[in-house]
Structure formats: structure tokens, C-alpha cells
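Hi,

Here's the structure I promised to pass on.

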Amino acid sequence: MTRSRTRPLALAAAVAVLATGCVESGRTVHPDAVQPEASCPVEPDPSITTTARIAWQAIPNGDLVVKDRRVLEACMPNAEITWSEFDSGGDVVQAFGAGSVDLGLIGSSPAVKAVSPPLDIDLRVLWLTDVIGSAESLVVRDADVRSVRELAGRRIATPFGSTAHYSTLSALREAGIEDEVELVNLSPDKMAAAWQRGEIDAAWVWAPTLPELRRTGTVVLTSAETAEAGHPTFDMAAATAGFVEDNEDFVRMWTVAQDEAARALAAGEPGAVESVAVQLGVSPDAAREQIQGLRYPDAREQAGPEFFGGALGDVLVDTAAFLVEARETDGTAPPATYRQMPYAEAIEEVAAR
């Protein structure tokens with residue numbers, strides 16, 4: 001991979017397909033079925049020849065829209081792009097460590113864990129795909145349990161190394177019962193069976209597992225509430241520092257695609273909802289419900305002081321300190337390591353267009 005030359009991003013005359021909601025006849029909920037026509041929201045750049053291995057997760061955010069609508073392929077027709085699905089941010093961290101992905105969706109706590117000892121993976125955060133709210137929640141089996149404190153002595157499942165794990169640890173510490181529960185490391189796809197067998201009493205997880213558990217359980221706390229208590233979580237896209245340095249034009253165009261998808265999701269545009277539904281294999285109504293549990297900041301907001309323009313680096317530093325206190329990492333890297341993680345250049349350029 002070689003460093004590509006910089007060129008301006010000219011707006012395309014055509015209206016982006018993200019906003020249309022049009023779906024080809026015969027298309028089904030299977031992601032490999034007949035797909036809508038690919039379209040780029042800006043002038044395509046055939047000079048970009050990057051090879052990019054992208055990790056995605058079944059989370060209702062812009063990745064699903066960009067993937068389903070083949071926006072990257074339309075914007076960079078000579079790039080070689082592959083998408084690989086992962087179950088959690090912890091799995092993506094392992095893939096980064098193995099050198100098998102270049103860019104991918106990862107939660108804020110897994111990203112911090114990746115750059116901390118002993119992993120010490122040099123990552124850059126490129127984009128916040130969503131700010132997590134009620135889309136990640138703690139659900140309990142016993143209807144008589146109304147608070148986290150009442151889970152003392154119980155078994156709680158969550159995917160270790162995920163944002164849900166971070167929220168679980170935060171809530172247990174706030175309730176003062178972090179040493180009085182048994183945490184069980186389960187991937188989302190294994191939780192439903194463990195729940196049905198009565199092997200776990202509660203779980204902090206996201207869709208599609210969350211709504212399945214809610215059918216017989218009760219939500220007692222959400223990630224929106226832990227954020228209000230001072231422990232915000234994000235789903236974010238990260239890439240290796242070497243990939244970013246060698247492929248600035250790819251990252252810039254990728255950011256354009258994510259920005260368009262974020263705007264479409266925030267507005268509830270039918271085309272974006274349809275893409276999420278197709279990629280998750282759910283109905284548009286179910287997809288719309290999941291979308292409402294997340295917030296999708298666009299490039300202009302992300303360039304501001306709350307995120308890439310200032311506070312994000314400090315949030316990552318705080319997350320690192322918390323993970324050490326919770327014995328989830330062996331130690332922290334210097335604060336400068338976390339503060340250099342946010343890569344603001346592409347977001348600032350896209351925000352200014």
C-alpha cells in the first residue's frame with residue numbers, strides 16, 4: 001500500500017441513494033440478496049487503489065448502511081475492499097493484534113484496552129459510529145429485581161472487553177457490589193441459550209440479543225444512564241496507525257461515506273433504515289427501534305469540542321484508568337498515547353465541505 005495523493009472532495013450532482021429508500025425488486029433480508037444500486041455522495045476517486053480489510057459488527061450504525069449500499073465501492077472503484085463480520089469489539093482487538101484487519105468497528109473500552117499494556121497496538125480512532133444509549137442495557141430474569149444493587153450474589157453475563165462490559169463494571173462499582181457478583185464472559189450469540197437454561201441471572205448486551213432477552217426479562221439500567229453517571233461509551237471505528245498514514249485519501253473518502261450514513265440514520269431516512277434491516281436480518285420496524293437507542297453525530301458535531309475537537313482524548317484517558325482499577329488491563333500507557341488516538345484530520349475536512 002502506498003500513500004495516495006490528496007485531492008479535493010467535489011460534491012456529486014446526483015442525490016445520494018442513502019436518502020431515497022428505494023430497494024430493488026426481489027431484494028430480501030439476506031445481505032447477499034439483490035442489492036440497491038451503488039452510489040457515491042461525492043465525485044468518485046478512481047486514483048485510490050487501497051486494499052482495505054474492514055471489520056464490521058451487527059450493530060445498527062453507519063457501517064451497515066455503507067456496506068449495504070456499497071458506497072465505498074462506488075466512491076473508490078479501484079480500491080480492494082473486503083468486509084468481515086465479528087461478534088464483539090474484543091474479537092476485533094484480537095484481529096488487529098493478529099494483523100488480519102486494517103480498519104474496523106470497535107467500542108471505546110476495547111479500543112483503549114488494545115493500546116494499553118500488554119497489547120500495545122498502535123490504533124487511531126477515525127469516527128464515532130454512534131453514542132451508545134438504551135441500545136445497550138442490563139436485563140434481569142427476576143422481575144422482582146428493580147436495581148443493580150439487588151443483583152448481589154447473582155451471575156451477570158456480558159462480552160468481556162466490550163463497551164457493555166465497561167458499562168457493567170461502572171454500574172457495579174456505583175452500586176458498591178463489584179465484589180459480590182459473578183461476571184460471566186459470553187458472546188451475544190451464546191447468551192440466549194444460557195438465559196433459557198437458567199445459567200445466568202442478568203446480562204448487559206445489545207441487539208439482536210437484547211430484545212430477545214427482554215421478552216422474558218426486565219431492563220433495570222441502560223448505557224444512557226451510566227453515561228449520565230459519568231461513564232459514556234461509544235462505538236467507534238479505528239484503524240492501525242500505519243494504515244492511516246499510508247492511506248489518507250481512502251480514510252477521507254471513507255469518512256465522507258460515514259458522514260452521509262450518520263445523517264441519514266439520524267433523520268430516520270427510509271433507505272438507511274432499510275439497509276440496517278437488511279444487514280441485521282430484521283424488519284424495518286425492528287431496525288427503527290434499534291436505531292432509536294443510539295445517537296449518530298455527523299462530522300460537524302464530531303469535529304467539535306465534545307469529541308475530536310477536544311474531549312474525546314480525555315475520555316479515553318479516563319477509560320484507561322478505570323479499566324486498570326477494574327483489573328481489566330495490566331496498566332495504562334502514558335496519557336499522551338490515548339490523547340493521540342483521535343485522528344481528526346479527515347473529520348475536519350469533511351465537516352468543512
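Below is what turned up, starting with the sheet and moving on to the rings.

A quick heads-up: this is a predicted model, so local features need pLDDT of at least 70 and side-chain atom pairs count only at pLDDT 80 or more, while totals for chains, interfaces and linings use all residues. Residues are numbered from 1 along each chain as its sequence is written, and side-chain values use heavy atoms, without hydrogens or water.

The sheet is open and mixed, with six strands in the order S2-S1-S3-S10-S4-S11. (Strands are DSSP runs of E, at least two residues, and helices are runs of H or I, at least four, all numbered from the N terminus; two strands pair if DSSP finds at least two bridges between them.) S2 (80–85) and S11 (294–295) are the edges: each has a single partner strand, so one side of each lacks a neighbour in the sheet. Seven bridges join S4 (residues 123–132) to S10 (residues 234–240), in the antiparallel sense. Among them, Val 131 is partnered with Phe 234 in S10.

Which aromatic residue does Phe 234 pair with? Its partner is Phe 307: the ring centres are 6.1 Å apart and the planes at 85 degrees, so the pair is edge-to-face (centres within 6.5 Å make a pair; planes under 30 degrees apart are stacked, over 60 edge-to-face, the rest tilted). The two residues are 73 apart in the chain, with Phe 307 in the loop between H13 (299–302) and H14 (311–325).

Buried or exposed, what is Phe 234? At 5% relative accessibility, Phe 234 is buried, and Phe 307 is buried at 2% (buried is under 20% relative accessible area, exposed over 50%, partly exposed in between; 1.4 Å probe, protein chains only).

Cheers

Methods: Phe/Tyr/Trp six-rings, centres within 6.5 Å; stacked < 30°, edge-to-face > 60°.
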